[in-house]
Amino acid sequence: MSLPVQHLWLIPALPLAAAAVGALTPRSGRTLAAGAAIATMAGAFLLACLALGGALDFPAAHQVLNFAWFDLGATSLRLGLLLDPLTAFMCVMVTFVSLLIFIFSTGYMKADANAKQFFCFLSLFAAAMLGLIIANSLLLLFVCWELVGLASYLLIGFWFHKPAAAAAAKKAFITTRIGDLGFLLGLLWLQDAQGTLLFYDGGHGILESAALANLTHLLPCGLAASTAIGLLIFCGAIGKSGQFPLHVWLPDAMEGPTPVSALIHAATMVAAGVFLIARVYPLMAADQLLANVPVHALTVVAFIGAITALMGALIAVAQNDIKRILAFSTVSQLGYMMLAIGVGSWVAAIFHLLTHAFFKALLFLGAGSVIHAAHHEQDIRRLGGLRPKMKVTFATFAIGMMALSGVPFLFSGFWSKEAILHAAHGWEVSSLPFYAAVLGVVLTAFYMTRLVAEVFYGAPRSDEASHAHENSPAMTVPLVILAACSILFSLLAWPSPWLQHQLDPSAHSESGDMSLVLPSIVLVALGLGAGWAYYGRRPRTKAESPDPLDRYAPGLMAALANRLGFDELYAATVGRLSSGFATLAAFLEVFVWDGAVRFLAGLGELSGLVSRENDEAGFNAGFDAGSKTLRDTGVAYSKAQTGDAHGYLRTLALGFVLLLILVILGGAR
Amino acid sequence: MILALIIIALVILGASAAAMLSRNLIHSALLLVVAWAGIAAFYLWAGAEFVAFAQALIYVGAVSMIVLFAVLLTRQGATAAPVEFDSWRRAVLGLMVAGGVMGVMFGAIMGSPLDGRIASPTPTITVKQLGLLLMGPYAPALLIVGVLLTVALLGAIVIAAVDKSEETP
Amino acid sequence: MNLETLPLQLRDAIVGLFPPALQWSVHHVLSITVILTVFGLFFAFTTIAERKLLARVQNRLGPNRSGLPWFRQLKLWGLTQPFADAIKAFTKEDVVPAAADKVLHFLAPVLIVAFSLLGFAVLPFGRHLIPVELDAALLYFFAAGAATELAIFMAGWGSRNKYSLLAAMRALAQLISYELPLLLSVVPVVMVCGTLSTKEIALAQGGWTFGVLPHWHVFTPWGLAAFLIFLVATLAESNRSPFDLPEAESELIAGHLTEYSGFKYALFFMAEYFGLTALSGLGVTLFLGGWQAPCAFLEFIPSYLWFMLKLVGMIVFFIWVRGTLLRLRIDQLTRLSWKFLVPLALLNLGNGAFWALTTDWTGPLALARWAISAAIVIVPFVLLGRQLTTGQTTRTYRYAPS
Amino acid sequence: MSPLQLCLILSSLLFCVGLVGALARSNTILVLLGIELMLNAANLNFIAFWRYGPHPAAGTGVIFVLFTIAVAAAEAAVGIALVIAVHRHRKSVRLQEAASLKG
């Protein structure tokens, strides 16, 4: 039994219906909204599993369903649905993680008055995300892409009464919009060049070789057309996936409720950029064979990914907010994925995307569990000693931490990271990204160890932490399930890379090459050991005591804690530029345009004066005279209205007598 | 038969004329009830049994009650509720106009060739016949009257109800 | 000798004594005389029955002294009390207030007795005993009854007494309020029987289901509901407890009767009992099968006796109610009528229409007919009753010892 | 003089009595009652013509009277409600005093 592509639309339609239900129920209908969201998501998950079954039967085929949206003159704008293993795996992952996070949310949002709205937004987000995944048209993908952005905006700003949340929502929306502008330009360019935006259309789609050949010509600036378009589309991915230099919104987005952080800003939405690049990989790779171009699109992708991976890991080391550490960790991991695509192994990127989705959702939900239990205390310096109080959370969090750190063999993260390192190692263009990635691995293990040690070991360092207790099953059960998945997922990759083969049957198997496993284990051990040495052995005793690393490099730590000053940089450059423009515009407005407008207004006033004189002297006199006659007549007639009902009745009766006399006389004649 | 008619006519006219002339409003209303009862008797005399009972039920039972309530509610001070002929002019004018109407109608009645058809025994119409007529050819009119009565009921309540907001001390 | 037709034979024998020219008049005078006599006596014994029964309810003995003149030792359980009362009323001084509207003050008791007697003309007392057969008898009954309200108003207004006028206003409001449910409760019967004639309605209730369950209207869901509404409305229309506000002694002295004494007072008293009896007779006719016997084997008892038996039953029930229930407040009274009885009666109207339209339902459908009809009555009853009592808390009597 | 003419004369006399009442009395209630009398006079006509008309079985006159009675009852109710409303605002039931809309 499998889900044919014709019925693929059901997957996003189900959560969309839940969103509609959520929108239409009154505020008191939170149980209904949550129930609808969870039920439809469970249904969507089942359908996604069926779709996966159908896709795996024909791993190499791209099943499509294309239809015309509307006609524009002679051309018609066509949209489509696509079912291939990439779509199917993403669908299963998104619906599964969403389902668990929805269930977790029922516990986390229990006390919130607007919970029904929350579930409505979550369902809307899930619908948009699933629509993005199954799109067979760059246009449909873009529409869903923007919808996802909208849902993200709504959910980050869900607690809009907090100024920080409102500002973060705005920041996320505007920052991603900058990237989306590039995306839109690339999309328009592509439409102009190819006449269609369908990915696969029986040989005419933009990702098929016939079309790709059209784009190999060189532009005046020396780039190939496909490079330019690909880089423009990559701008969108940079914004959405939080890549350098547009990563600044992602840590701030942690102001939203933790399930939102888990779902959108760790597991699914930020992966949309990676998914997009993986989806249009043929386009990105179209210029690979051209030798006379200054830069290939994928090279840019690789370097951006490497920079992001290293930078994210570095900043994460110096952060103190539990969610921000995880957020920078996400930035870093997304950098790894981009790096993998850039070095030519999109399969490794998607593999890491899937594994990362599970353990990052797990880590965020674990963080949410901690935050919920500790009464919204997020500073790891003020937490501590939670291990005996929250056993389930600790155990699952530790599994997630080990998966993220890449602890060997048993945890899925190890295998996906291994694949990326392997791909980067084999890249001919440059070895710098590989070394960045290696350094990132050590740092990742280090900061995750720091996080676990600070939060769960030692003694509680605040009242909130000391009063923490384990959460309800609605919150712990999803944790357990996600933890189990984080471990089980490694089975898919080991010992033979089944998943990689399913995703891209054409890729040659590299599983036999285990040359990097040993160094990788050493690196991870190094990170873990360093982390334990600094933080685990002698746990922090007071919230105010300085970080051990501050003693060694206070300047560097301060810079890192300040997130390398990106926000200040943007404020100083982009912000100042825009405020300069605003001042200029205000100046123009006040002195130039306003003067012109006032001059025109004065002219109008003058002509009004003239015509008024004209009116009063000429027309009005005539009308006044006419009206006076009318009024006088009216007054004269109204004299007949005496207000004397008897008089009326008398007149009526006399009229009746006269009428009857007339009739009688007339009858007699 | 004619004697009965004349007696009934005298009762009706006497009661109604006295009602219109009485200075006591309550007496006016009660005398009018007598006139209405007389009219019901006229209907009985003419054989319209159902209409007679309806007239008695509606006028003697209901309209009279409304009138009496209205009189009591609009009474001012003096218990005798005296009503004066506030203007001889109006009375004279009224009588003159009514006389004119009377003259014209009298002329019309006497001048019409009505003598030709002298009827037959008193016709009767049973309740069943009436019901069939009302539910058959006259059903639309019945519906409209029902709507009218409902509207009148609501309208009377709305008009007469005390408006709380503008109630003056 | 046939008991059933005995009154007719007697009447024909008496009428036969007169010359043919007078026979029509004698016939009717005889009917009037019989009605006056029978119901005059009935009134007399109702008063003594009421006093005795109330006494029993209140754990007293009641009047038990009056006997016969010259036979002092014969007490007769006080049964002659009403006659003693009548003599007393006759011999009392007739006081008329100086400021009273003399004409109205005099006319009121006369009119009220006259009009309360008119209703008896159309009641079928037996299989062959009906004073006047009218096609629109029911309409006539209510048209005749409408005039009693006028008489009460005349009494209240003509007395020139503020208590009398207040009571008259109260009485009018009450009578108008309860006229509506009274009439509406009767309409379903008309609808089902398809006639306004009381004779036909009584005839239509003949027959038995399985020989035991009579086809009386009270034994149908709509009929039961209509009968109960009719009972309540009758209580209110005849100013009886618990609806005796117009003559609430504790508030209004004696209501519109305050300024009446002697025989005029007795006339009012009589009119009230006549009105009650006439309405009870109508209730018997409309809902309790009229003169029909309850079981087939009991038909040997003459029909007029059955009628009187049922009438006595109704009267006793009313006396019992008077001894049991407390007087309502005026707002409770009007609320009961407009918010409960009128909507219920209107719904019951639809119920009657349903019953009239489904006469051809037989077999299992007949059961469905009963079930639907019962549901139409019971569901609104429960809902309206709940709505009527919401927000009403139990009254607490602050100074009463608990 | 035929009975029909007698009936018609009765009805026109009643009409005129009502008219005099409506024209001569100043109490609005009495004016309304005069109008009621006029309506009743018209009803008398209907019944008279039904009684002596060629087609008594058609019952048109009777039906018409029933409808007129209904309309007259509605008119009385609304009219008296108006009188009460006016009385509440002006403390008077004299018809000639309700003339604030005169020209």
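Buried residues make up 52% of the 669 residues in chain A, where buried means that 20 or more other C-beta atoms lie within 10 Å of a residue's own, exposed means 12 or fewer, partly exposed is in between, and C-beta atoms are placed from the backbone. Please keep in mind that this is a predicted model: local features need pLDDT of at least 70, side-chain atom pairs count only at pLDDT 80 or more, and totals for chains, interfaces and linings use all residues. On naming, residues are numbered from 1 along each chain as its sequence is written, and chains are lettered from A and ligands numbered from 1 in the order in which they are written.

Let's stay with chain A for a moment. Its secondary structure comes to 25 helices and two strands; helices (H or I, at least four residues) and strands (E, at least two) are DSSP runs, numbered from the N terminus. Among the contacts in chain A with a separation of 6 or more, residues 24 or more positions apart account for 79%. A contact here means two residues whose C-beta atoms, placed from the backbone, lie within 7 Å.

How many of the 17 residues of helix 8 of chain A are buried? The count is 14, so this helix is largely enclosed by the rest of the structure. Helix 8 covers residues 225–241 of chain A, and its end C-alpha atoms are 24 Å apart, which agrees with the 24 Å it should span at 1.5 Å a residue. That expected span is 1.5 Å times one less than the number of residues. After the helix comes A:Gly242, with a positive phi near 65 degrees.

Helix 18 of chain A is mostly covered, with 21 of its 25 residues buried. Just after helix 18 sits A:Gly458, whose phi is positive at about 75 degrees.

On to chain C, starting with confidence. Mean pLDDT for chain C is 83, and 96% of its residues reach 70 or more; pLDDT is the predictor's confidence in each residue, from 0 to 100. Where in chain C is confidence lowest? Look at helix 9, residues 249–252 of chain C, with a mean of 68, whereas the highest value, 89, belongs to helix 8, residues 221–237 of chain C.

Here is a helix pair in chain C. Helix 2 (residues 20–57) and helix 10 (residues 262–287) of chain C pack at about 105 degrees, with axes 10 Å apart. Axes are lines fitted to C-alpha atoms, for helices over the stretch in contact, and angles run from 0 to 180 degrees between N-to-C directions. That makes helix 2 of chain C roughly perpendicular to helix 10 of chain C; the cut-offs are under 35 degrees for roughly parallel, over 145 for roughly antiparallel, 65 to 115 for roughly perpendicular, and oblique for the rest. Helix 2 of chain C brings C:Phe39, C:Phe42, C:Phe43 and C:Thr46 to the contact, and helix 10 of chain C brings C:Met270, C:Tyr273, C:Phe274 and C:Thr277. By class, these residues are six nonpolar, two polar and no charged. Ala, Val, Leu, Ile, Met, Phe, Trp, Tyr, Cys and Pro count as nonpolar, Asp, Glu, Lys and Arg as charged, and the others, Gly among them, as polar.

Two loop residues in chain C are worth a click. Most residues other than glycine have a negative phi. C:Asn59, in the loop between helix 2 and helix 3 (81–91) of chain C, has a positive phi near 65 degrees. C:Asn59 is exposed, with 6 other C-beta atoms within 10 Å. C:Arg160 also has a positive phi, about 55 degrees, and lies in the loop between helix 5 (137–158) and helix 6 (162–193) of chain C. C:Arg160 counts as partly exposed, with 18 C-beta neighbours inside 10 Å.

Last, the partners of chain B. The contact between chains B and C takes 19 residues from chain B and 18 from chain C. Helix 3 of chain B gives the largest share of the chain B side, 13 residues. That side has 14 nonpolar, four polar and one charged residues.

With chain D, the contact takes 66 residues from chain B and 56 from chain D. The chain B side there has 54 nonpolar, eight polar and four charged residues. Chain D itself has three helices and zero strands, and 64% of its 103 residues count as buried.
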